[in-house]
Amino acid sequence: MKKRKEEKLINEEKIEDIKNVDTVFYISKLEMNNLNISVLDKEILHNINLKISDGEIHVLMGPNGVGKSSIARVITGDNNYEVSGDILFNDKNLKDMSITERAREGIYLVNQNPIAIEGVSNAEMLRTALSEI
């Protein structure tokens, strides 16, 4: 267990070294197969296939409007999107899981510029949130 914490810290340090990126994923295992995402009957992404193995770090980069945030929102369970295809996290189909179940698996979306609460650090807020699930 201790080794896993050390690995995670090393990976977080590597993530901090990445400059000017929109979305960074550090996850155990994520797989998208033939993923199609639409909103308001408009197709945003078509036939996305992606496999991220344990310990890998992937960065989604690109201009505004290409679907980076949409992928993140779909993974976290935003029901404003119509989704077909499979999204597997550690071999569990995310489409069968509620937002709460996904959060318990460690899947959640954090705003790039979180609202500041005077006297509460972002790290403290995240620790508290994690201890509640």
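Two strands count as paired here if DSSP finds at least two bridges between them, and the strands themselves, like the helices, are DSSP runs numbered from the N terminus (E, at least two residues, for strands; H or I, at least four, for helices). Before we set off, please note that this is a predicted model, in which local features need pLDDT of at least 70 and side-chain atom pairs count only at pLDDT 80 or more, while totals for chains, interfaces and linings use all residues. Residues are numbered from 1 along each chain as its sequence is written, and side-chain values use heavy atoms, with hydrogens and water left out.

Let's start at the hairpin of β2 and β3, where two residues lie between the strands and Leu 40 takes a positive phi near 50 degrees. Strand β2 covers residues 30-39 and runs antiparallel to β3, with seven bridges joining the two. Across this pairing, Val 39 faces Lys 42 of β3, and Ser 38 faces Glu 43 of β3.

Leaving aside residues up to four places away in sequence, Ser 38 touches Glu 43, Ile 44, Tyr 81 and Glu 82, where contact means heavy atoms within 4.5 Å.

Now step back to the sheet. Its four strands follow the order β3-β2-β5-β6, forming an open sheet with antiparallel pairing. At the edges are β3 (42-52) and β6 (92-93), each pairing on one side only. Helix α2 packs on this sheet and touches β2, β3 and β5 (82-89), its direction making about 110 degrees with that of β2. For such angles, axes are lines fitted to C-alpha atoms (for helices over the stretch in contact), and the values run from 0 to 180 degrees between N-to-C directions.

How many of the nine residues of helix α2 are buried? Seven are, so this helix, spanning residues 68-76, is mostly covered. Among the buried residues are Ile 71, Ala 72, Val 74 and Ile 75. After α2 comes Gly 77, with a positive phi near 100 degrees.

Finally, visit Tyr 108, in the loop between α3 (99-104) and α4 (122-132). Tyr 108 counts as partly exposed because its relative accessibility is 40%.

Note on methods:
Buried < 20%, exposed > 50% of the residue type's maximum accessible area, 1.4 Å probe, protein only.
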